[in-house]
Amino acid sequence: MGLSGGKIIGIVAVLAIVGIVLFAKSNTNLPSTNLEPPIENVDSALTLIVENSENIITNTANSFNKNYITISYDPIPHYANDNHVRNSISDAITQWTDENPDMTIQLVESNGDVQIEWKKVIFAGHTGLMEGSIMDVELGSLDCNNNWNQYSIFSISDTISHELGHYIGLEHSAEPTHLMYGDDEFTQIPFDDLGYNIPDNHLDFQSWIEYDIIENEYDDLNRDYIKLDREYSQYPETISSESQYQKAMQLYNQLNQLNTEMNILVDEMNCIADVTP
Ligand SMILES: [Zn+2]
């Protein structure tokens, strides 16, 4: 049976429509990559850490022999890990006495020259406080999900070391990696070490490890992102080949996927920023 004239016209019409659809599709403009990697957000996370690293100083000149110091401390609270906190105290003492052989720091049962009081959370941005003979030491902080996280041994040790520094009369250094770093009216330029050898703080080496891992992951993704984005930008805005269009869109989708993953990492970094003393 031959095709009737009507059917032929019908098929031609269908083909024409398909042709128009294909034509229209293959000429679709590529979406532009407005997918800026969230680098600015990462910067703000870093800023948050720096701002939170401030301590405050309330101690002034002392009139005792600063080369012999006794320390007593309150019972370690149930919410904290006992050994963890004890190790922090020992570490802080070792830090100071290793650097200053003339210095003796001794733990006593009660009424030490320095009396440590443990705090679950002091308040945002402060991990320690020295007021007369009372040293407040913050043991952890709330993350972005409001869960309390105990600080690392080295973080607590750094707080104790820093506050001990105030006890012996030191003020703040403007150098962010300095044990006595602080950004307030007590910041000394130049910093007066009063003849002491100031121990290094651990903060740079320990507390930032988790953050560094995520940051490295972010940097890896960012490298991929930049590479793919360069490839994607090689395509003209309007593409007439269907296969080229598919390839470009595949890149576009990969870029979107990377962008999503990078934003998740930024959120994680910002959450850690909240718990880093
Ligand atoms: Zn301070």
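In which handedness of crossing does α3 pass α4? The crossing is right-handed. The views below come from a predicted model.

**View 1. The chain holds six helices and nine strands.** Of its 277 residues, 26% are buried. Contacts between residues at least 6 apart in sequence were considered for the whole chain. Of these, 69% join residues at least 24 apart.

**View 2. Five strands build an open, mixed sheet.** The strand order is β2-β1-β3-β5-β4. The edges are β2 (104-107) and β4 (128-131), each of which pairs on one side only. On average, neighbouring strands of this sheet are turned by 25 degrees against each other, direction ignored.

**View 3. Strands β1 and β3 pair in the parallel sense.** β1 covers residues 68-73 and β3 covers residues 114-119. Three bridges link the two strands. Isoleucine 71 has valine 114 in β3 as its bridge partner. Strands of a sheet pair through backbone hydrogen bonds, in either a parallel or an antiparallel sense.

**View 4. Helix α4 packs on the sheet.** The helix spans residues 153-167. It touches β3, β4 and β5 (134-138). The direction of α4 makes about 25 degrees with that of β4.

**View 5. Helices α3 and α4 cross at roughly 45 degrees.** α3 runs over residues 82-99. The two axes come within 8 Å. The helices are therefore oblique to each other. α3 passes α4 in a right-handed crossing.

**View 6. Residues of α3 meet residues of α4.** From α3, the contact takes in His84, Val85, Asn87, Ser88, Ile89, Asp91, Ala92, Gln95 and Trp96. From α4 come Ile153, Ile156, Ser157, Ile160, Ser161 and Leu164. By class, the residues of this contact divide into eight nonpolar, six polar and one charged.

**View 7. Aspartate 224 sits in helix α5.** This helix covers residues 209-232. A buried residue would need 20 or more, and an exposed one 12 or fewer. Leucine 258 lies 34 residues from aspartate 224 along the chain. The C-alpha atoms of aspartate 224 and leucine 258 are separated by 8.2 Å.

Definitions and conventions:
Residues are numbered from 1 along each chain as its sequence is written. This is a predicted model: local features need pLDDT of at least 70, side-chain atom pairs count only at pLDDT 80 or more; totals for chains, interfaces and linings use all residues. Helices (H or I, at least four residues) and strands (E, at least two) are DSSP runs, numbered from the N terminus. A residue is buried if 20 or more other C-beta atoms lie within 10 Å of its own, exposed if 12 or fewer, and partly exposed in between; C-beta atoms are placed from the backbone. Two residues are in contact if their C-beta atoms, placed from the backbone, lie within 7 Å. Two strands pair if DSSP finds at least two bridges between them. Axes are lines fitted to C-alpha atoms, for helices over the stretch in contact, and angles run from 0 to 180 degrees between N-to-C directions. Angles under 35 degrees count as roughly parallel, over 145 as roughly antiparallel, 65 to 115 as roughly perpendicular and the rest as oblique. A crossing is left-handed if the near helix is turned anticlockwise from the far one by less than a right angle, and right-handed if clockwise. Ala, Val, Leu, Ile, Met, Phe, Trp, Tyr, Cys and Pro count as nonpolar, Asp, Glu, Lys and Arg as charged, and the others, Gly among them, as polar.
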